[in-house]
Amino acid sequence: MSPRHGQQADVVIVGVGLAGLAAAQRLGEHGLRAALVEKRDRLGGSSAMSGGWFALSGTALQRRAGVEDSDGLFLADMVETGGGYADEALLRALVAGQGDAVAAIERAAAWTDELKVSAGMSVARAHLVRIRGLLAHLEDAAVAAGAMILTGHAARRLVTDGPRVVGIESDGGTLIGTSGVVLASGGFSRSRELLDLFVPDQAAAMPYGGAGNTGDGLRMAWMLGAGLADIGHVSGTYGQHAETTDDEHELLTANYLGAILVNARGERFTDESASYKLLGSAVLGQPGRMAFQVFDSAVRARSRPGVPLSDMERLEELGHLVSAPTISELGRELGIPGDRLERTVADYNECVAGRREDPFGRVGLVNGVGAVMPVATGPFYAYAAVTAMTSTYGGLSVAPDGSVQRVDGSRIEGLFAAGEVAGGFHGASYMTGTALTKALVFGFRAADTIALG
Ligand SMILES: Cc1cc2nc3c(=O)[nH]c(=O)nc-3n(C[C@H](O)[C@H](O)[C@H](O)COP(=O)(O)OP(=O)(O)OC[C@H]3O[C@@H](n4cnc5c(N)ncnc54)[C@H](O)[C@@H]3O)c2cc1C
């Protein structure tokens, strides 16, 4: 379907991933009609490709698992993970809006029983959600409430009336949103030009994420004077095989289950329990810009088939897991010179046994949590992984109500942003699951602000 020139809706939403669908669904609840434009032929963006992990605190699943968490701890962990760069007002709004996210996942019947500790968390807070089920539910509800979805339509420019944003120009014509425009166009992981501009040291990361995520929303708002947040901290995610296709991501974080990371020379080079974003940068500095996740059969037994980031069976099926009965044979398989891998593993095991201090400061499995274990029981395994630019967590400067702010902090009237296009939430590093939680919560938040002021 093409918009007729000057066609009107209450709100125009640019991009149909989780943030755009959440905004459309909530606008429908408020009795407002949304027109969504999606530049690709299929919906979903990075959201549909994602692992489906949501960071949430105080949930029924946590209570059932005996995990003690609270809004305050969630906030404190995010502040610490962000290294003092994230905007605390946004983080407070994110935590306060969690109830809406939980209710939406509930309505979509999209919960699983998977709960774990992951990057940036001091307790198990990453909840695995059936993301495609959630997206489908939001889409159905939005359409039932009168939302119109136009695929194959790229928004090119924001239309203004004086200082106020009143619509967009797309390939098919002008679309007017009488109550405003929500940018939900994702990040810029697929824009080499923007990566070169903002974070040239990351440009060698494997391009990944939704194919339409080329920073369009960022540029459109930028033209109206929008500010940026966290942009210099954008970094790739470590853990993907170099031959991964767009159809199925192959992210593995065996390091959070007990593996060590070694470079092509067989040397450790970092604290493996750090956020995979920090590991992403560290790996880009290694020979061949790759690192092996090396582990033993005890870690292999912790694999969770079908669970993103922990599914070793699938990687084995794809022929991407290497195994050998001894560490020295594994080293030979990997092309690591001499007995270097054996010496690295022996040194690491000394640290685990408490006979030496870990030279990289590793004290836990992930983010300091969980007991480290030796790499000791054969057979042994290795997964060769690179840094992929899955998501760019810096973006437009937004207020806690979802409105886009100019470089001087004033609001651009009629313009809102939600999801990966918005910055300020992650600061210097990243807590697993906060990108999807933020897309859902701030999709709703932008809709509420538009409807209720
Ligand atoms: C492999 C992978 C795994 C991930 N796993 C997780 C995870 O487990 N947990 C987590 O929290 N985060 C995860 N992320 C990150 C997370 O998926 C994203 O940050 C989040 O889905 C972004 O949602 P969004 O709605 O903002 O953008 P998207 O879902 O990317 O949607 C944006 C849409 O806008 C469209 N668009 C762009 N420009 C235009 C334009 N000019 N006109 C019209 N349409 C446009 C795009 O084509 C796209 O469909 C993962 C990302 C990847 C790639």
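Q: What is a polar contact?
A: A polar contact is a pair of N or O atoms within 3.5 Å.

Q: Which atom of Gly52 lies 3.3 Å from an oxygen atom of the ligand?
A: A backbone N or O atom of Gly52 lies at that distance, 3.3 Å, from a ligand oxygen. Gly45 also places a backbone N or O atom 3.4 Å from an oxygen atom of the ligand, and a polar backbone atom of Ala19 is 2.9 Å from a ligand oxygen.

Q: What kind of model is this?
A: This is a predicted model, in which local features need pLDDT of at least 70, side-chain atom pairs count only at pLDDT 80 or more, and totals for chains, interfaces and linings use all residues. Residues are numbered from 1 along each chain as its sequence is written, and side-chain values use heavy atoms, with hydrogens and water left out.

Q: Which residues come nearest to the ligand?
A: Glu38, Ser47, Asp216, Glu420 and Leu436 come nearest, out of 41 residues around the ligand (a heavy atom within 4 Å).

Q: Leu436 is in α15; which residues of α1 meet that helix?
A: Leu18, Ala19, Ala22, Ala23, Gln25, Arg26 and Leu27 of α1 do so (contact means heavy atoms within 4.5 Å). Their partners in α15 include Leu436, Ala439, Phe444 and Ile450. The residues of this contact divide into 11 nonpolar, 2 polar and 2 charged, with Asp, Glu, Lys and Arg counted as charged, Ala, Val, Leu, Ile, Met, Phe, Trp, Tyr, Cys and Pro as nonpolar, and the others, Gly among them, as polar.

Q: Where is Ser275, and what does it touch?
A: Ser275 lies in the loop between β13 (260-262) and α10 (276-284); helices are DSSP runs of H or I with at least four residues, and strands are E runs of at least two. Leaving aside residues up to four places away in sequence, Ser275 touches Ala119, Tyr256, Ser429 and Tyr430.

Q: Is Ser275 buried or exposed?
A: Ser275 is buried, because its relative accessible area is 7% (buried is under 20%, exposed over 50%, partly exposed in between, with a 1.4 Å probe and protein chains only).

Q: Which residue has a positive phi of about 85°?
A: Leu309 does, although it is not a glycine. Leu309 is found in the loop between α11 (297-300) and α12 (312-317), and it is buried at 9% relative accessible area. Asn367, also not a glycine, has a positive phi of about 50°. Asn367 is partly exposed at 35% and lies in the loop between α14 and β16.

Q: Where is the cis peptide bond?
A: It joins Gly378 and Pro379, with omega about -5°. Pro379 is in the loop between α14 (340-352) and β16 (380-389).

Technical notes. A polar contact is a pair of N or O atoms within 3.5 Å; within protein, one must be able to donate a hydrogen and the other to accept it, and residues adjacent in sequence count only if both atoms are side-chain atoms.
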